[in-house]
Amino acid sequence: MNTDIAFVQTETIPPSPPPSSAIGPSKWIKDNLFSSIPNTILTIVTIWLIYTVLMQVVPWVANGVWTTSSLTECREVLQGKTGACFSVLSERWNQILYGFKYPVDSYWRPNLALVLLAFAAAPVMFFDLPRKMLIFTALYPFIAFWLIWGGTILGPLVALLGFVAGGYTFKTLSMKSFAAGFFGAIAAAFAIWIIGGALIPETASENAWLSPVPSRDLGGFMLNLMLGVTCVSLSLPLGVALALGRQSNMPLIKGISVVFIEFVRGVPLITLLFVASVMLAYFFPPDSTVDLFLRVVIMITMFSAAYIAEVIRGGLAALPKGQYEAADSLGLDYPQAMRLIILPQALKISIPGIVNVAVGLFKDTTLVSVISMFDLVGMIRGPILASTEWNGVYWELLGFAALLFFIVCYGISQYSQWLERRLATDHR
Amino acid sequence: MKKSVIFGAATVACLSAGAAAAGTLDDVKARGKLNCGVTTGVVGFSAPNAEGVWEGFDVDVCRAVAAAVLGDSTAVEFVPTTPKTRFTALSAGEIDMLSRVTTWTLSRDADLKFTFVGVNYYDGQGFMVPKELGVSSAKELDGATVCIQTGTTTELNLADFFRSNNISYEPVPIETVAEAQQQYLAGSCDVFTTDASQLASTRATFETPGDHTILGDIISKEPLGPTVRHGDDEWADVVRWSYNTLVAAEELGITSANIATLAGEKTDNPEINRLLGHEGSMGEMLGLDADWAVRIISAVGNYGESFERHLGGQSAIGLARGLNALWTEGGLQYSPPVR
Amino acid sequence: MSTLTDPPKESFRLSMLIYDTRYRSLTFQVIAALVLALSFWFLGNNLIQNLRAAGLNISYSFLGDTSGYDINQVLIDYDSQSTHLRAAIVGVLNTLLVAFFACLTATVFGVIAGVLRLSNNWLVAKVMSVYVEIFRNIPVLIWIIIIFTIMTAVLPGPRAFRGDNATSSMVLDLFAFTNRGIYIPSPQFESGLFASAGLNWLLVIAFLIGSWFATRRVAAWATAKQEKTGERPSTLFINLAIWFVPFVLLMLIMGLTWDVPALKGFNFQGGIKVGGPLIALWFALSIYTGAFIAENVRAGIQAISKGQTEAASALGLRQSRVMNLVVLPQALRVIIPPLISQYLNITKNSSLAIAVGYADITATLGGITLNQTGRAIECVLLLMLFYLTISLLISVVMNFYNNAVKLRER
């Protein structure tokens, strides 16, 4: 080995740190913001846009006035400066959230119902929770109904009993035949409802523990939430039925489902609400009038059922044919195959789609303001903006409404994305 | 009251049965509540206040009927209606009466089958313009952009007026007063047109009301009044005379202040005695009791008091009585004799 | 020796209706038909009784009556003496107009936002996700109202253009941006070849279509030559000539002039006016739906597996050709079906025009006509019929497309 070389570096040169342009924030900035000329232009334009928007919004929010009692006073306080008049929110928050007629001392009732909703929805939304919690979910509609509308507890109790009786009848009779169980359950439930309804004394509501609140007094954001939750949960079973109906090989059932789904999906929700507000009253028996809230719930439920049916149909179609054949080869009949094999899988794939429909529907509940219901938007466009004190406060109110919806819808859509990732069991 | 149980528990809360066919009066008595159709918010006529209590000139008519029939002026379920939903709500029996700035026209009377029981406010369609435009007559509005509040006879009157004067305009129909006013103030229309009373009430809420002027031209007759369904004359009579009582009380000088003393004992004036039930059996003829008028006046006062409270000097709107003064004072308000 | 005998012929029993699969579906359908017929009878009977009690009837004769109201944006001749039917047609055309333009711009917004969201510029990608999330999660009704309010508040009224110390002025003296709408110069033909303006425009369109076909021919010729000689001739100047020479000549012959809007009286006169409500609704619908389309576009592009891009690059294709020839054709298959249903949503959401005073079908037939005549049932039925027709037409188109692009599986 030749060692006559004058100089040999015997130890390794320590690696020098990367040039400052290739590490740390500056590299990140270079790579992510100024990697090429078009990118640089884009970045500068975007920064300018953000700056302009912020320059408009920040002083407006920062100078906001929270304590005056009318817009005129706000203007006096601001004395020509840019600034928001948030006083309308601090003075009318209760009307914006609950409508103007819900009794003030009963605000805890819808609040409690909302908190309980979280518990009722949890086992449906997160599969890891113990399945026993579903019992509370099943009880929740009756509790919420009683909390929000108040009145006698006998009403919801009878309704609950009807369902329990129906379920029991189904369980016993469906051993022999699904059809017998199905129709028997309906008969049993109706029997309980009719007998129970007749037994409840008419004066039961008058001195009940929770004072009764007519549904016309519901309003504000609470109304949007209630319409959204009620209609989505009611439309789920209906949507499943429609989706199965559309896949059925009985031409009449298939025909009815297709016509219903296509009809409802073909018209805007607002025309269906017109039907609820101006037409539906003519279709009920002459000696009865059905409350506007119920009519709107019926129409929105039909609307969302059609969309959910399409989502579930997608789920059914996505199942491999082998699943159907496997169910058949096990000798299961149609209801059993659906209940045990097909629907659990199909529903699972459809959940993200259903959640999307639910978000869309929740946003669409603002349309009820067009037919004289005082939901969040209705309260703002109607009583609040028409009042002499707050005439002309647009941005604060609309911004607040937008914020409320954003929080709820963004939350749900984040959940949906989480769920989608969780359910993605396939490997791509 | 027939109670049909269809939807189990939902029935109790939601499905209230009320007869549309016969006997609205009996239905209201049995229900213990009067369903009265109002607007979704027109300050002065019917609008919920900060506490959520409905108040206004039209609301007082509802309260008067409730006081007469049920003995309680708060036993009213106010049903907000839009121009679109109001007629269906009435014909389908959802409401017992409509007291909602509704103009009495032949087609509504004959074709839509409603009975207008009187005129509680004589209105007319007017125009509001900014002073800086320098317009003094509606005929100078050639080529102007006009904001209209939709859903009343407003569009028709406007089209007729501009057509008969052979001038052009551009209509901008807006659903709610609040939005129409915002458009008008931002200058996206030159003129705002609706009933003159509403113009005044809108202008009262402006930052600088003095910069806007309501033109003298009144282009239509808008007799606004409470409405009931055709075919139930007993009920129409009750509503009609509840309203007439308000006017008669003002004619006779009965107010909410002196009603207690006047009701207590018989007076020398036979007209007052008949109205307040000391003489004759006026209440019975209507299917009510003798004190019906006393309750009305104690609850809402007379016509003049109600007017002052909601539209006149005591309110932010500050309308003059004008056509709505009593006939004895040069106006048109006149009650048929109570006898 | 055993003989096979037929199983004993079962006589028909009533229980077979439920237990025998041969009859069961029939039973269910009969029950369904009965229930359906009963409910129709119930509803119809109630309707008849209620109408009789109220003394009303169902009649469409009001459509022939004079409407009596004016509309601010009409695409066909209409005045207050026209019939309600004509008012409804005006509304139909206005609905189609705003829906058509909103579909175009929503696609543009959506594609830009969808592509930029995948950009490697961090800031731009974030801003685009903020845009998408904000617009997707707030109701469209609130957006329509907010944008209409912004427009009226930010743009000046025509009054601001008047006088010596006007606070606003026209852009280039050609365009006026006011809160009543945007006024743009309109082209006019002084010596048109036909008497009616419509025919003249038709001629212009015919020329443009002719130019387009000519450029197609040129491209085909260029390709043929490229395949023969391996060299593609430059077609740029030829194409420019084909597009512009006949067009400019035609304009010169027909004497093109511009009708520039000018402030006269209360409003700008002349030119083309794009009304404020139309702009607000158009913009609101496009930017709202654009957020949804952006998500579809992003999903479509991400759905193309990386192998495809890599394979294309391995073949030596340039970046732009990879996009055009490999990624986009496959992504479109994923993007287009949801895109068409977004178009359907735009059409249906345009019914919210009543919130801004745009005269679409819901505002004319379902609004003023309904209020004036009180014929609620008739008007709402017609309204639903219209939207249903449009939706079914769009679904037919969609089915054709789906069948055309369906992966042919062997």
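**Overview: confidence of the predicted complex.** pLDDT is the predictor's confidence in each residue, on a scale from 0 to 100, and in this predicted model chain B has a mean pLDDT of 84, with 93% of its residues reaching 70 or more. For chain A the mean is 84 and 96% of residues reach 70 or more, while for chain C the mean is 84 and the share at 70 or more is 93%. The predictor assigns the complex an ipTM of 0.86 and a pTM of 0.86. Residues are numbered from 1 along each chain as its sequence is written, and chains are lettered from A and ligands numbered from 1 in the order in which they are written. Because the model is predicted, local features need pLDDT of at least 70 and side-chain atom pairs count only at pLDDT 80 or more, whereas totals for chains, interfaces and linings use all residues, and side-chain values use heavy atoms, with hydrogens and water left out.

View 1: Helices (H or I, at least four residues) and strands (E, at least two) are DSSP runs, numbered from the N terminus. Where pLDDT is low, the predicted coordinates should not be read in detail.

**View 2: the five-stranded sheet of chain B.** Five strands of chain B form an open sheet of mixed pairing, in the order β11-β10-β12-β9-β13, where two strands count as paired if DSSP finds at least two bridges between them. The edge strands of chain B are β11 (169-174) and β13 (212-214), each of which pairs on one side only. On average, neighbouring strands of this sheet are turned by 25° against each other, direction ignored. Within chain B, strand β10 (residues 144-149) and strand β12 (residues 191-195) pair in the parallel sense over three bridges, and B:I148 stands opposite B:T193 in β12(B).

**View 3: the pair α6 and α7 of chain A.** Helix α6 (residues 134-149) and helix α7 (residues 154-173) of chain A pack at an angle of about 165°, with their axes 9 Å apart; axes are lines fitted to C-alpha atoms, for helices over the stretch in contact, and angles run from 0 to 180 degrees between N-to-C directions. That angle makes α6(A) roughly antiparallel to α7(A), since angles under 35 degrees count as roughly parallel, over 145 as roughly antiparallel, 65 to 115 as roughly perpendicular and the rest as oblique. The crossing of α6(A) with α7(A) is right-handed, meaning that the near helix is turned clockwise from the far one by less than a right angle. In α6(A), A:L139, A:F142, A:F145 and A:W146 meet A:P156, A:A159, A:L160 and A:F163 in α7(A). The residues of this contact divide into eight nonpolar, no polar and no charged, where Ala, Val, Leu, Ile, Met, Phe, Trp, Tyr, Cys and Pro count as nonpolar, Asp, Glu, Lys and Arg as charged, and the others, Gly among them, as polar.

**View 4: α10 of chain C and its two helix partners.** The axes of helix α8 (residues 276-303) and helix α10 (residues 319-349) of chain C come within 8 Å and cross at roughly 165°, which makes α8(C) roughly antiparallel to α10(C). Their crossing is right-handed, and the residues of the contact of α8(C) with α10(C) divide into 14 nonpolar, five polar and no charged. The axes of α3(C) and α10(C) come within 9 Å and cross at roughly 135°, so that α3(C) is oblique to α10(C). This contact is made by C:A99, C:A102, C:C103, C:A106 and C:T107 of α3(C) and C:L339, C:Y343, C:I346 and C:T347 of α10(C).

**View 5: the three-stranded sheet of chain C.** An open sheet with antiparallel pairing has the order β1-β2-β7 in chain C. Strand β2 (residues 181-184) of chain C is joined to β7(C) by four bridges, and C:Y183 stands opposite C:K273 in β7(C). Helix α8(C) packs on the sheet, touching β2 and β7 of chain C, and its direction makes about 55° with that of β7(C).

How values were computed
Contact means heavy atoms within 4.5 Å.
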